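Open the model in your viewer and keep the selection tool at hand. Each stop below says what to pick and what is there.

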Amino acid sequence: MDDVPVKPKRSPMFYVGIGCAVIAAIMVVMMGACGVWIFSEVRQLEQDMNDPEARADAVLDILGTDELPDGYYPMVGMSVPFVMRTAILTSREPDADGGPPETFGERGFIFAEMIRFGRRDEARLRDYFEGRIEDSDVLSSSGINIDVDEVIGRGTFDLAAGRAMYVTQRGSISAQGHDSDGLTALTLVDCPDDDRLRLAIWFAQEESAASTADDASAAAAETSAAPESPANTPAGDLAGTPADEAALAAFLGNFRLCPAP
């Protein structure tokens with residue numbers, strides 16, 4: 001009886017090679033799909049930015065409100081699924097063609113919700129808000145660059161379904177590609193059982209801040225969403241501005257920055 005030839009055993013590296021080839025093919029497909037998705041998202045964002053109704057809807061959804069405070073207009077409403085959401089308001093009216101204004105005007109507001117970027121960095125961020133450190137560069141990891149001339153005050157107050165920790169200051173701020181000089185309120189929004197970092201920035205040129213902020217505060221006080229305003233209102237020109245805790249609480253009361261319980 002003839003001997004049956006024995007097939008040579010394949011080297012384990014053969015199967016490793018097949019596995020690597022399959023993984024590489026999957027990665028190529030995923031990278032292609034990711035590229036298509038990114039292109040689609042960027043194109044959709046560009047279309048929404050130039051569509052006044054779509055831009056307004058995006059901003060209202062991110063801020064959790066049905067209407068904006070008087071004198072504020074939607075500038076940017078942008079979402080990257082699972083990563084971040086940003087809404088920007090300006091006091092400058094939309095362009096005649098419906099496109100977003102390119103500058104803030106006298107006042108503006110930025111809200112950013114993003115994935116947490118590390119416990120150490122977030123701890124330093126909280127140290128800045130609580131006054132344990134004065135290094136404003138800690139905000140640069142969140143895309144916020146500030147040049148502080150004077151820290152005016154720090155504090156906390158309740159928001160709808162959350163709590164706000166703030167620092168107010170004079171100086172300049174650069175965020176989301178836009179610059180402003182004057183009075184700024186930086187607010188860290190804490191929401192219960194939340195896995196997101198939420199920052200709110202309300203700012204105004206100092207020479208026009210008092211009158212315009214008074215109007216916004218009065219409008220917010222008439223809404224049921226506005227929390228009870230704190231009593232420590234500063235005297236003189238700072239009353240009713242972003243440097244005034246009462247005005248800040250009333251302004252943020254226009255929005256629901258924490259998810260509904």
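Select Arg 196 and Val 83 together. The side chain of Arg 196 reaches the backbone oxygen of Val 83, at 3.2 Å. This is a predicted model, so read each contact as part of a prediction.

Stay on Arg 196. It lies in strand β7, which covers residues 196-204. Is Arg 196 buried or exposed? Arg 196 is buried, yet it has no salt bridge. Asp 195 is the nearest side chain of opposite charge, and it is 4.0 Å away.

Val 83 is found in the loop between β1 (73-80) and β2 (84-90).

Now look for charge. Select Asp 147, Asp 149, Asp 179 and Asp 181. These four residues form a negative surface patch. Which elements give two or more residues to the negative patch? They are β4 (144-159) and β6 (178-190).

Pick out Asp 181 from that group. Asp 181 is found in strand β6. Its relative accessible area is 55%, so Asp 181 counts as exposed, the cut-off being over 50%.

Go on to helix α5, residues 245-252. How many of the residues of α5 are buried? The count is 8 of 8, and the helix is mostly covered. Among the buried residues are Glu 245, Leu 248, Phe 251 and Leu 252. Alanines are on the buried list too, including Ala 246 and Ala 249.

Then check the start of α5. Show Asp 244 and Ala 246. A side-chain oxygen of Asp 244 reaches to within 3.0 Å of the backbone nitrogen of Ala 246.

Finally, clear the selection and zoom out to the whole chain. The protein chain has 5 helices and 7 strands. From the N terminus on, the elements run α-α-β-β-β-α-β-β-β-β-α-α. Colour by burial to finish: buried residues make up 41% of the 261 residues in the protein chain.

Technical notes: Residues are numbered from 1 along each chain as its sequence is written. This is a predicted model: local features need pLDDT of at least 70, side-chain atom pairs count only at pLDDT 80 or more; totals for chains, interfaces and linings use all residues. Side-chain values use heavy atoms; hydrogens and water are left out. Patches are made of residues with over 30% relative accessible area and no salt bridge: like charges are joined within 9 Å, nonpolar side chains (Val, Leu, Ile, Met, Phe, Trp, Tyr) within 5 Å. Accessible areas come from the Shrake-Rupley method with a 1.4 Å probe; for residues, only the protein chains shown count as cover. Lys and Arg count as positive and Asp and Glu as negative; His and the chain ends are not counted. The place of a charge is taken as NZ of Lys, CZ of Arg, CG of Asp or CD of Glu. Helices (H or I, at least four residues) and strands (E, at least two) are DSSP runs, numbered from the N terminus. Buried means under 20% relative accessible area, exposed over 50%, partly exposed in between (1.4 Å probe, protein chains only). A polar contact is a pair of N or O atoms within 3.5 Å; within protein, one must be able to donate a hydrogen and the other to accept it, and residues adjacent in sequence count only if both atoms are side-chain atoms.
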